[in-house]
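Here is a set of questions and answers about how terms are applied to a structure. Look at the structure first, then read on.

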Amino acid sequence: MANSKPVLIPILGDQLSRDLSSLAGVDAENAVLLMMEVDEETTYVRHHKAKIAFILAAMRHHAEDMQDRGWTVDYVKLDDPDNSGSFSGEIARAIERHDPASICVTEPGEWRVRAMMEEWEEKFGIKVEICPDSRFLCDHAEFEEWAEGRKQLRMEYFYREMRRKTGLLMDGDDPEGGKWNYDQDNRKPADQDLFMPKPIAFRPDETTQEVLDLVADRFADHPGGLDNFQFAITRAEALRARRHFLDECLARFGDYQDAMLTGEPFLYHSLLSPYLNIGLLDPVDLCREAEKKYAEGDAPLNAVEGFIRQIIGWREYVRGIYWREGPDYAENNFFDAARDLPDFYYSGDTDMHCLSQAIGQTLDYAYAHHIQRLMITGTFALLAGVDPHQLHIWYLEVYADAYEWVEVPNTVGMSQFADGGLLASKPYAASGNYINKMSDYCSHCRYDVKAKTGEDACPFNALYWDFLARNEEKLGDNRRLAMPYRTWAKKEKGEKIALRNSARSFLESLD
């Protein structure tokens, strides 16, 4: 028999999983699921229109799914006239409606929301249980134990522990194939002759169209557009997207995962991270399906290992870093970089073709793959001395898979080296040569990638050497940068002056 007072279970927009930890052992007849679309969460940064629409549409469909499975769902829409606009405000209203015995919630993905939840018990005079998020392999205590005593927290060693823990791609105690990492096989440049399968485009149903109309009207001043909205917004659709990747793309994902092509935003990438991060797909289950493809001879080891590493290695690792380092981690600024983020990050309007391509597709699709983020938009900001906090806000705004726990370590630690080397062993600084090697961007650009200085030279070239020169005091002892610093030291004084003047001239044009 159901108790007279139910348990109130808030479900956040990135917790759309049927087996959420806060639901474990709970009788559906004695619970109310509270789902809230609130202005505070849609506007604390100016999220891409498609990102907001994806989350809200997926929330509304998940509510329907949970109701069909026997749960009582109290759903508050964004345009409800009584909507308070905040999580705490909606908790207060739900307590008035349901008079619950207690609140049980799965921990959120941001320090900001965690701090809010920790105030609820005293604020509302009701017992509040915050459950660990069991959708991740590694909990906070386990990551802390792994990290304890290490001067540098390198992902590669953490990744090996996750392989051992799951048994994925393991041959007894040894890695499948004899190596842990096949990254050296995954750096082939692509060309337009490749046949690249197109991702599945999901047509909006009535519920999703209602959300698209709401977002277009309410968030007209937010970046990005809705014309190319094609996300899966239910678990069933996400499973179809998973199957498409495994059957059509995985086999060649490894070879070309770092490649970039003009007019080809997707190549062989999975496009599954939004569904993982919102809860529609299970990460370990996805990895086991990929492992089956290798076992059945349908995908090579370098592709499957590289894909699995991104999920149980990198994804778990950056979450561990985020929660271990605390809410101030996002404020790190090792290089004291202070330049404002250029306006073209919100328009794609720049003569640098690589940036125009990466930013343009970001605004169109709320998506760019990891090399476009790291080595194009990220590297340019690093070389130009952009304030890493401003870049962090931009990444959080414009990508559909961006939540603070995954985005902050990727930006502050890996992309901008703003934590001084806690996460990465060296800054991801590169000249135009890297972009030319891994893409066809330079052949479409008005700048000359082979020229080092002057108005027609690729800006990345002079900026690269200027970055090293102005940060030599902080980076000169970095062993992984020993070779470029030796090269810099051997350059003639006149060449050094020309490179730095060229960089200065370009940076002044940004201002």
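Rings of Phe, Tyr and Trp (its six-membered ring) pair if their centres lie within 6.5 Å; planes under 30 degrees apart count as stacked, over 60 as edge-to-face and the rest as tilted. This is a predicted model, in which local features need pLDDT of at least 70 and side-chain atom pairs count only at pLDDT 80 or more, while totals for chains, interfaces and linings use all residues. Residues are numbered from 1 along each chain as its sequence is written, and side-chain values use heavy atoms, with hydrogens and water left out.

Q: Which residues do ring pairs link into a cluster?
A: The cluster holds Phe344, Tyr345, Phe380, Trp394, Tyr395, Tyr399, Phe460 and Phe506.

Q: How many aromatic pairs does a search of the whole structure find?
A: The search gives 32 aromatic pairs.

Q: Why is the pair of Trp465 and Trp488 called stacked?
A: The ring centres are 5.9 Å apart and the planes meet at 15°, so the pair of Trp465 and Trp488 is stacked.

Q: What makes Trp465 count as buried?
A: Buried means under 20% relative accessible area (exposed is over 50%, partly exposed in between; 1.4 Å probe, protein chains only). Trp465 has 13% relative accessibility, so Trp465 counts as buried.

Q: Why is Trp488 called buried?
A: The relative accessible area of Trp488 is 6%, so Trp488 is buried.

Q: What lies over the face of Trp465?
A: A charge sits over a ring if NZ of Lys or CZ of Arg is within 6 Å of the ring centre and within 35 degrees of the ring normal. Lys491 lies over the face of Trp465, at 4.6 Å from the ring centre.
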